[in-house]
4 protein chains.
Amino acid sequence: MTDLKPFLSDNAAPVHPKIWAAMQAADSADNPYDGDALSAELDARFSDLFGRECAGLWVATGTAANCLALATMVQPHGAVVCHEEAHIEVDEGGAPGFYLHGAKLMLGAGEGAKLTPEGIAALIDPIRDDVHQVQPHAISITQATEYGRSYSPAELAALSEFAKARGLGLHMDGARFANAAAFLGGSAADAAHGVDSLAFGCIKNGGMSAEAVVLFDPAQADLVKYRRKRGGHLQCKGRYLAAQILAMLDGDLWLANARHANAASQEIASGCGAERLMHPVEANELFVRLTETEREALRAQKFAFYDWGEDAARFVTAWDTRAEDASALGKAIASL
Amino acid sequence: MTDLKPFLSDNAAPVHPKIWAAMQAADSADNPYDGDALSAELDARFSDLFGRECAGLWVATGTAANCLALATMVQPHGAVVCHEEAHIEVDEGGAPGFYLHGAKLMLGAGEGAKLTPEGIAALIDPIRDDVHQVQPHAISITQATEYGRSYSPAELAALSEFAKARGLGLHMDGARFANAAAFLGGSAADAAHGVDSLAFGCIKNGGMSAEAVVLFDPAQADLVKYRRKRGGHLQCKGRYLAAQILAMLDGDLWLANARHANAASQEIASGCGAERLMHPVEANELFVRLTETEREALRAQKFAFYDWGEDAARFVTAWDTRAEDASALGKAIASL
Amino acid sequence: MTDLKPFLSDNAAPVHPKIWAAMQAADSADNPYDGDALSAELDARFSDLFGRECAGLWVATGTAANCLALATMVQPHGAVVCHEEAHIEVDEGGAPGFYLHGAKLMLGAGEGAKLTPEGIAALIDPIRDDVHQVQPHAISITQATEYGRSYSPAELAALSEFAKARGLGLHMDGARFANAAAFLGGSAADAAHGVDSLAFGCIKNGGMSAEAVVLFDPAQADLVKYRRKRGGHLQCKGRYLAAQILAMLDGDLWLANARHANAASQEIASGCGAERLMHPVEANELFVRLTETEREALRAQKFAFYDWGEDAARFVTAWDTRAEDASALGKAIASL
Amino acid sequence: MTDLKPFLSDNAAPVHPKIWAAMQAADSADNPYDGDALSAELDARFSDLFGRECAGLWVATGTAANCLALATMVQPHGAVVCHEEAHIEVDEGGAPGFYLHGAKLMLGAGEGAKLTPEGIAALIDPIRDDVHQVQPHAISITQATEYGRSYSPAELAALSEFAKARGLGLHMDGARFANAAAFLGGSAADAAHGVDSLAFGCIKNGGMSAEAVVLFDPAQADLVKYRRKRGGHLQCKGRYLAAQILAMLDGDLWLANARHANAASQEIASGCGAERLMHPVEANELFVRLTETEREALRAQKFAFYDWGEDAARFVTAWDTRAEDASALGKAIASL
């Protein structure tokens, strides 16, 4: 694949050298499961990062991170409000239904895969307050969204206020949280303003196999620990997962990687021109209007990417995207 | 911990260099999830290993491997027969109840944590064949057992015949399958004789984060794939897991590592004398009668291990156990 | 409530005298659970009614009947396609998610709460055939629909053919099956043409506490029996439930009651005029455009009914609706 | 069956005339589900009965009552401690696993199917306080037990104190609560001393299809209501269930019926002699040592009963047991 210019997904990118180094540094035996010295650092490190007390736990996938976090908020007879194009609804193989023991996803609409208080109210206000209808227990939003949009702190504040007023938990799927935070100026706290839990993504950002469940109510950590074990997600050599996450936080590697990926996306965006873009580029994904013929032409030039429906394509940049590939892609689209 | 002589567990041992090398060789991007070239090799490699057609799928933990395999055999209203000291009953945090949607574990007895057809019959024959009583759907055995015992091919044949006669699936928890196979002479096929599924352990044997679900009815692979995703166990960079398993099979590293660990256990056993042993040593674990004073004396000599109740200790050897440590331990116990 | 003219719902109507009589005739002790002589008749009686071999089992609610039937068709990792206004989605408190262990409901649209092959295809064709997306396993339709519409045998044949072609089970929620069958001409077989299972409703039609799960593949009965017990639905004095169902079938009481209710609805419909009707009246429910002022005027005349949104009302007739009340209601609406 | 002298079970006995009368009195339409006037009385009536504030909800079976009550105390990753011969373990088809979403039953031993604080401690004290082992969340006891024994108020106080000290809920399966209360002197409060929830049985005591979930923390009622609906147990004509329960409480019919049944059991016991009894008779069940030949001789005299293993029989008396049949049975056994 050496001469391909890859924009398929950030989810298959190589592991960052600093992550490799940290994993290898963790190789000598320590206590199993999460009893090792590295895992023990996570709470403090995330508390520092977010400027408020929180608990941090490793798991191997974003799906597990989302589901375990939601299980702190949602009873089996309740529901999670999410966008109709949310990853938890569309691409997690029904995992929320499994981890929440049959709880429901209630699907809202919204531009750019974003939810708003108004949109959620329109969805849940008609629900009768009786046992015949499933009641919402939580809201889940994705930062950055499935269309590469980022929620601003103000938007998050509005959602958080709404959630509190309705007695709902607020969860954030942060598979690309780093990209959103980088876009918003680099503050983790701002990018997660007001949420109760966060699936802090590392894998798409240069990690191998570790995401973090961040719980802003640390009292919930016990529940997640029991459920993580019960889900078969408590790895016995957990130190290799903790090492990945700590390396990501060290010296803000998470931000550096995300800024690199975001810059590549902006380079493509500025090259190809705004009129082709289906969504503003606020992270590391671009959805570009392209006919089938145009897509073929790009593929003939060795650009690799996924179709997005019949008249568009999705391009994703990553921590390892070559600047020259991004630049070439922008120009190639402009030249079509 | 450098001067400790560690016999706590094989589950926290370092990763074998060949596994590290294979993971790094997998670093260049490939298709995500299990769409990569390495994952695609697993079916054929395990079919070769066992001499019968089977499917092989990676997961990150033995708990997940056991539960996903059992889900091919057990309906939510059914039960799994296992030993009362089986790992799935005692140490998996209720994961079988979760993955099997409330199915029950039925607990049998047997020497050395082994089940026998007679023991299982005594357990399930009194169950009335009516809807008021939960019916068994499968049997799960552990190879090597929780007491380091190995089922011989003849014992497995008897269990398999019994299971077929009763219409029950037969699953094998092989967290230490390599150690049993090494003890039994090195044939994977013999050590898994007649079973329908196997959780093929790598992590305790020098791996980092990959076990294999082996399905001897490959038609069940689809179900496991859907359930793996639903359990949040489909990692997007799955090639790093496949790489671990393939490296384990390459040149029979799995057997070499297990033989090393087994030899260390035999060394200790021959040193300490048969009368102290609670169970014959048939894998890489020893359960040794030791008073509290004796255990203190050993710990003063820097041997690290777990107590086993009030009058015994458990020692576990691993792929990296130093021969001199094993020898020293045997002598130290003999000198008590 | 004696001077009220009740059109609130058929679900709270008194029990028909013949049902009372049958229950009392069942009073002498018999075998418990479903081991009694009456329960033993159900399979044969439903096989006669539908002209094809089937199994019939009692349960106490339509929700349980639907869920237990769906459990024969849908794996926990799969989905049921239903209308977005289907009772199982809107009014069963998440019971399908519970009984199907987290399986999903996929919501289709369609006029009059009816599904069509085209509508279902539009919903499920975009689902990628991979483990990331939940796959449909069954279709559930309601006969008569939540808007009082009946599927014709031709419509059912098309749905059944579509379901077979896609490998999907086809379930029918028949809470008001009798009303649909009566509307369609009185043939149970026609009204359930091609379905794999049916929740045959009795309670809204003059019963007290018994619905029947009808399985057109009798081999599924065992599964339903185990799951019925596990759901806490195997009553020990089941003979009183069987008695209700048998009395409903005796001399076609089910049809007589439904015809009475349907006739009352037609009387109202012809009185109030077609332009006010939101849906054709094909069973025993009417959805009538009425302003708030108009509804108040009707209530002042002692008509009892539910609002249906802001500009309409729902009227339901039952086996015990007085002809003069129906006639009066039609005229009262006409006079508004 | 008219000339049989029936001692098979109380669970198939006819419905008491006063229950019939109350059901028929409830026939005129009222609000559906539990919105009717009768259902609304239950909280107050049970609060009166027990002398402390509680909530009372109808369900159709004891299995549902037990499971819904336990769901207020037990998380899916937890466990219920019960006797190894408890009905919830042995005879409810795995319903607790279903309603508790995979939670475990931990099986204790104890004479007469009774649990004691010491017995429970022996069971749960060895459980390590870590995520690998399922933790107990509640205790369930049966009053009267599966062997017809009654817990005294002092025994209940000890269990309740123990449960509180360990942070465990305490549930009582009261399928034959009336018989225990009658045996203990007639105080409902005494017979349920210190428990957090009670499945108050009516069906075996002359009811048709209604048991009550009694919650001594009424704040839990909401959860039970949602779960009852979700379990398909919210009947639309719930007034017929409420009527049964209220009739049972009116004038202490529940006690009168139980006293009748208990007296018949005592009559048999005194007739047959203490040495044949496997357990003291403290409710309405007798377990009597009888050889196969002896059992045949009794059956030849038209006594109907179940074998209990190979050398014993179980006799159950009910509200309708004829005094002369009980007396005859005692004498017949004595004459063997």
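Into which domains is chain A divided? In this predicted model, local features need pLDDT of at least 70 and side-chain atom pairs count only at pLDDT 80 or more, while totals for chains, interfaces and linings use all residues. Residues are numbered from 1 along each chain as its sequence is written, and chains are lettered from A and ligands numbered from 1 in the order in which they are written.

Chain A has a domain 1, made of 5–12 + 257–334, and a domain 2, covering 17–253; such bounds come from an automatic or database domain assignment. Between the C-alpha centres of domain 1 of chain A and domain 2 of chain A there are 27 Å. Their contact takes 17 residues from domain 1 of chain A and 18 residues from domain 2 of chain A, where two residues are in contact if their C-beta atoms, placed from the backbone, lie within 7 Å. On the side of domain 1 of chain A that touches domain 2 of chain A, the elements giving two or more residues are helix 12 (253–272) and strand 9 (285–289) of chain A. Helices (H or I, at least four residues) and strands (E, at least two) are DSSP runs, numbered from the N terminus. Helix 12 of chain A gives the most to this side, with five residues. By class, the side of domain 1 of chain A that touches domain 2 of chain A holds eight nonpolar, five polar and four charged residues. Here Ala, Val, Leu, Ile, Met, Phe, Trp, Tyr, Cys and Pro count as nonpolar, Asp, Glu, Lys and Arg as charged, and the others, Gly among them, as polar.

Chain A also has an open sheet of seven strands, in the order 2-8-7-6-5-3-4, with mixed pairing; two strands pair if DSSP finds at least two bridges between them. Strand 2 (55–59) and strand 4 (104–108) of chain A are the edge strands, and each pairs on one side only. Neighbouring strands of this sheet are turned by 25° against each other on average, direction ignored. Strand 3 (residues 78–83) of chain A pairs with strand 4 of chain A in the parallel sense over five bridges, and A:Cys82 stands opposite A:Leu107 in strand 4 of chain A. Helix 3 (residues 62–70) of chain A packs on the sheet, and its direction makes about 15° with that of strand 8 of chain A. Helix 6 (residues 117–124) of chain A lies across strand 3, strand 4 and strand 5 of chain A, at about 125° to strand 4 of chain A. For these angles, axes are lines fitted to C-alpha atoms, for helices over the stretch in contact, and angles run from 0 to 180 degrees between N-to-C directions.

In strand 6 (residues 169–174) of chain B, six of the six residues are buried; a residue is buried if 20 or more other C-beta atoms lie within 10 Å of its own, exposed if 12 or fewer, and partly exposed in between, with C-beta atoms placed from the backbone. B:Gly169, B:His171 and B:Asp173 point one way from this strand, and B:Leu170, B:Met172 and B:Gly174 the other way. Strand 5 (residues 135–142) of chain B runs parallel to strand 6 of chain B, joined by five bridges, and B:Ile139 stands opposite B:Leu170. On the other pairing, four bridges join strand 6 of chain B to strand 7 (residues 197–200) of chain B, again in parallel, with B:Asp173 opposite B:Ala199.

A loop residue of chain B is worth a visit too. B:Leu38 is found between helix 1 (17–25) and helix 2 (42–50) of chain B, and counts as buried because it has 22 C-beta neighbours inside 10 Å. The C-alpha atoms of B:Leu38 and B:Leu241 are separated by 8.9 Å, although these residues are 203 residues apart along the chain.

In chain D, helix 8 (residues 177–184) has eight of its eight residues buried, so this helix is largely enclosed by the rest of the structure. Its buried residues pack against strand 6 (169–174), helix 9 (188–191), strand 7 (197–200) and helix 12 (253–272) of chain D. Just after helix 8 of chain D, D:Gly185 takes a positive phi of about 125°.

Finally, the contacts between chains. The contact of chain D with chain C takes 36 residues from chain D and 36 residues from chain C. For chain C and chain A, 15 residues of chain C are in contact with 15 residues of chain A.
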